[in-house]
Amino acid sequence: MSTAVVDYTREEPVVAGRPTASEIDAVVSAPLDRPPARTWWIAFGITSTMLGIGVVCVAVTLWLGLGVWGVNQPVSWGFDIVNFVFWVGIGHAGTLISAILFLLRQRWRNGIARFAEAMTIFAVMCAGIFPLLHTGRPWLSLYLTPYPNQHALWVNFTSPLLWDVFAVSTYFTVSAVFWYLGLVPDFATLRDRTTHPVKKLVYSIFSLGWRHSSRHWTHFERAYLILAGFATPLVLSVHTIVSFDFAVSVIPGWHTTIFPPYFVAGAVFSGFAMVQNSLIVVRQVFRLKHLITLSTLEKMNKVMIVTGSMVGYAYAMEFFVAWYSGSQFETFVFVNRALGPYAWAYWTMVTCNVVFPQLFWFKKVRTSIPMMFVIAIFVNVGMWFERFVIVVTSLSRDFLPSSWGHYMPSIYDVGIFVGSLGLFFTLILLFVRVLPVISLAEIKAVIPGAQPERHRPH
Amino acid sequence: MNERNQWRSLHEEQDAGTTPEMKSQEFMDGVTDAFDPETLSPLSRKQFLALMAASAAFAATGCTNYRDKGEIVPYNKKPEEVTPGKANLYASTCTACPQACGILVKTREGRPVKLDGNPDHPVNRGRSCATGQAAILNLYDPARLRAPHTGAAASGTGEVSWDRIDSEAARQLAACIRDGKQIVLMTAPVTSPTAQKLILEFRAAFPGTKVIVYDRFHQETRRSAWELCYGSAALRPVAWEKARLIVALEADILGNEGFTVEQTRAVAGARDIMVSNTFVRLYSVEGTMSLTGTNADYRCRLHPEAQLEFVLALTRAVAAKLKLAAASLPAGPDLAAIAHRRGLPLKTLEHLVDDLVTLRGKGIVYAGSALNTDVHVAVNYLNELLGNTALYGPAEPATAVTVTPPADVASTIADMKAGKVGFVAHLDVNPVYHLPKVLGYAEALKSVRFSVAMTDVENETAQLCTYMLPVHTMLESWGDHTVRTGVISLQQPVIAPLYATRQQEAILLRWMSASTPFSELLYQEYLKRHWESAVFPSLGRLTDFLTFWQMALHDGVVTTPVSAQAPLQFRKDALASLRLQEHPDRYAVVLLASPYLGDGRWANNGWLQELPHPISKVVWDNYAAISPAAARALGVESNDLIEVSTESGKVTLPVFVQPGTAEQLIAVSLGYGRWNAGPVGSNVGVDVTPLLPAGCLTGPRVVRAMSVSKSEGSYALASTQEHHALDDTFVKDFHLKRHIIREGILEEYRKDPHSLGIERKEHESISPRVEFVGVKWAMAIDLNKCTGCNACVAGCNVENNLPVIGKEQVAKGREMQWIRIDRYYSGTPEEPLASHQPMLCQHCDNAPCENVCPVVATNHSPDGLNQMIYNRCVGTKYCSNNCPYKVRRFNFFNFRDHLADGYYQQEPVSLMHNPEVTVRSRGVMEKCTFCVQRIMEARQHATEAGVTFDGKQVETACQQACPAQAIVFGNMHDPGADISRYREHPAGYDVLGELNVKPNVTYLARLRNIHSEKRA
């Protein structure tokens, strides 16, 4: 039994060991300087094939119509919206880590913020495919924007779908700007390091003339703080608005006031799971274990247990409110979820989202890489099923039993989902080859001894 | 300088004399003249531009491949009576089924676009049925034959000319007479007196001609019973509207037995809560679940083979109650014994006896045509005993009666096989498919030297003949039809023949007089002559014939005086032949008429294939309907296959577990499984004619099965309504619990109209209330009157250009119909109670679909319509998700292109479309519009006439089609309008009103006219 006393007055070091700034530059930018390894090519081959499958399925959909999907009359939204909400949810962790945790001065975020933000942007790109594709006539999507026209036609500001358009596009824009802003000092570092003339030119352009001067740093810090403040409400708003797609409707199982917090918690939950999954691979492959420490991963697991429990609470509360409301439609929807034709999906969701993350109460599990990796995968699966349960079961059996139906995805639905996964991981693979996966500037700020520290008398 | 003669060229120098003069004139001749318009070219600037434009247009058209040359006639000389944009109505007769209803054909710019009932017709009175509504598609079916064509028996292949057909037919007919071979005409019952005369003349012209008349559903058993009981096979139609009590024995009088349009109207009319609190009481004793059974006040589940003992027991019980001495009837079990053995509720049977006795003379017991002659004899006796014969009207006309006895058909087929027949003409019949396979008609046809089939679309018989002769469809034909004594319905063409087709009567006429050249007027003149000589004089009209003829064509129907009828004399000795048969413990198969395809004739009509079966909601298939207990016994479920064999043959059928089916019974529809019906109708369902015994040409259609066994594999039936097990408590009676269907008992309603528990309350709302001023549209549907027959669905399909999507798309849940009939069950799987409810867009005031559409493609009109703007719709489908009634329909594909390789995109289908309604493209949401095109037309008329539009004239397509008149539509702000009374009626309710969506469709609760005991 270890008798080591934890000193809570001292912050745990975020970075293990005492790497120097140049060592950090070297290790983080190493993948950028060498040609990709064989394993990278294999991974890239797999993900781009998945992407190709998706492209083919999208082309078929555009050519023939939505009829190639599994959607039908009661269930007019299927994999399309499930995947949309799933990907938007994945995208949540990035902004949460980079903005909220930044404002809360959580130093451990510095090692993972860059990667999480990149993931956010890629996930929102994946998410963006689906609302576009799910319309019957995607070539008329322009109608969803309020542009002045001679017909005096305007959009409908009472429709949550329109709010979605604004919420998601704003979120994407702010995330991308925030991400790029953080990259500026790193581009300068890379520019300074490289000898390759083309790279030098490219890095020079993107570094916007950064000279590491104090004035630059002052402006940078201020801009970063403002953007963090700007992005923080977006973390809450985007998924809140996505949840309005359902909550504003009259369909039992959708028409619920609990949806906004429930969706945000779920989004953070799934986002952290996806970040954790990806980071475990990245820190292993690129030998970044000392920069993304086990302790950081453990902290992420703690976030997961909190949000997972919130989600579990929401599941229970939905049942309670359905019963308490006395509305027979509401009651039936939830009984039907648990016992009806889609019970398998419901119980998959509960098992993955509520039961497995509870294992993180055990420190052994929380700090075991294989265990956390598997649990995070379960969480991703479970959160996908959560969206499936919400979208499909509610629609398949609503008010009039005569129009109840059954939804079965087609191969094109599955293909486009595979394609979105392909797009996501292809972008991740490209990202790790061309940009530093850890923010050089930020991680240097949290290496031991980087900050002025009052000498502690013994 | 001036003196010197300067020159610039040799020419100038040599011509020195004239040059100075020319030089002195600065301007050319005429240039300085005064302007005189007279001298100008006669071509004005306008003319010049016109010429330029014309030459440019000529040059442009000369460069295009404009193949329609000479076919599009611009209305620079406007045809009389045609105003572009304005519909013309012509009276005619629908011959899609033997009911021969009077119709009004709506034509637009010369092409028929819609059929509806002729209000002046005394039988159907302006109403129609689903098959009739969809019949418009038969005219424009791309599969129609466009010229005479060779069949399998011809030497060559390809199209042939009519001249060659005529000369060859004349030669063959002459050869038959010379060689002493028989000439056979195969025909369906001829309802036209003129055509009947023509056939007689044909027989006279070609002695030895045999006319074979057959019809699968021709009430033959009923007729032979009448022959036995009353000495005449001429039936006397029941005056249904006078009946206070109807007992239907395996008779689907509201489905497809007899004059269904008239019967539906009569039954519904006698259940009109707005008119009277007294309803007709309807009992249905049946083994198959039929529309009549689901609409009955009492339904008793009885195997068709037990009907005779049931009727006899009933007769004895009635006689005992009336203290009459019944004639000697075969001994059999009494009602209590039958109730015990067959599981019938004895209480209901006692009520039945009481009602028969109490309402004697005002009730009718009516047996179905699938039952054998004995049952009909017993039923006739029971009606006789009760004095119910008072409800019989005048005997039906001679045109309705004759069909050839099965033995004669068999002997003719034998003659054909023996080579004694030299010439067979099929007058729009398809015996190769229809006749029991054991008769071997297809083989017999091969031994005939010359055979022709007159048909509009190639069929199984035509394929085997020497020639297929394309004939006019009903909308291109002349005719007169009599199916009710004293009523002659006229048929006139409403469009010039689309192709090189001929009217079949004209073909016969041409063959009869080889010297006269063919003309399109041949039969028209024959018909007119017949009327002038035979019909007109007997009417005693004061006008001249031509005026009369024009008026008759205008009205579409002529009523003739009906002579007094001799009273019916019942012959009691008919009862002597009654034999109660022992039925072994084996399955029986009852072969039903298809709900909408007739005898299979309309198989290529996609709209009819896609109309859901009124009970099971299955589309594009027939199936073996069995009871849940039978399914357990056979170890099968719905969609499994079973093999059914009778003495004549066997078939493999998909199973559909139909609640309410009698035990030991398999109910299956005829009319499916055609193998050469056209691209849409071929190989849809299973042909069950192999089960028919040789003698079963026209009934009875209850056949004993030799064996029934589970077969390997399965077959997916597609239905428009998901099926839920009745005994699943999880979802049981949801339609009642959710107040979707409201039902009550008539007697309790009479005591207290508010006993139905319908409360109307104004719900709180956070959104401001929208006030509607002026006309506001609303619809009410009377569930007492609605039988669930689907006529409204078919009518809506035609009016609103709905596509046919095919079985595979229906199976995926993408049916497109804007109005649907929901069917709900309550009770037990053995004895279910069914409810029908038409469901369509409710045009909610607070429509949930409207606020979620991001592009305002669906919004509200000032007159209360929930509108769809197709051009603006991007297809997010959010509106459909948010619709509590799920009545929105999405174009997942361009369905016209998707079905059968774009079958319904081929010409001339596009000519059929209602020009007032947009044909929707792929990716667009659509739904019921309350027939906004009709509203706008009426509004336009009011504006033109300068009167305030009060909305009185508007009738929606579903309302117009409804034979039960269950649909009321109008301006709810008009206190005098029917709709206002319906909305305020104590039995009126809205579906899902608690959502505060404020639907504008209300329903009248269904009241069951049962005795005061509570429903079990």
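Between the two chains of this predicted model, the contact draws 40 residues from chain A and 45 residues from chain B, two residues being counted as in contact if their C-beta atoms, placed from the backbone, lie within 7 Å. On the side of chain A that touches chain B, helix α6 (residues 160-193) of chain A gives the most, with 3 residues. By class, that side of chain A has 20 nonpolar, 18 polar and 2 charged residues, where Ala, Val, Leu, Ile, Met, Phe, Trp, Tyr, Cys and Pro count as nonpolar, Asp, Glu, Lys and Arg as charged, and the others, Gly among them, as polar.

As for conventions, residues are numbered from 1 along each chain as its sequence is written, and chains are lettered from A in the order in which they are written. Because the model is predicted, local features need pLDDT of at least 70 and side-chain atom pairs count only at pLDDT 80 or more, whereas totals for chains, interfaces and linings use all residues.

Helices (H or I, at least four residues) and strands (E, at least two) are DSSP runs, numbered from the N terminus.

| Helix | Residues | Length | End-to-end C-alpha distance | Expected span |
|---|---|---|---|---|
| α10(A) | 294-325 | 32 residues | 46 Å | 46 Å |

After α2(A) comes G65(A), with a positive phi near 120 degrees, and after α10(A) comes G326(A), with a positive phi near 75 degrees. The buried residues of α2(A) are T47(A), M50(A), L51(A), G54(A), C57(A) and T61(A), and their cover includes α5 (113-133) and α15 (411-434) of chain A. A residue is buried if 20 or more other C-beta atoms lie within 10 Å of its own, exposed if 12 or fewer, and partly exposed in between.

In chain B, strand β36 (residues 1001-1004) is covered on both faces, with V1001(B) and Y1003(B) buried on one side and T1002(B) and L1004(B) buried on the other. In a regular strand the side chains alternate between the two faces of the sheet. Strands pair if DSSP finds at least two bridges between them; β27 (residues 777-782) of chain B runs parallel to β36(B), joined by 4 bridges, with A780(B) partnered by T1002(B). Strand β35 (residues 988-989) of chain B runs antiparallel to β36(B), joined by 2 bridges, and here Y989(B) has Y1003(B) as its bridge partner.

Key. The expected span of a helix is 1.5 Å times one less than its number of residues.
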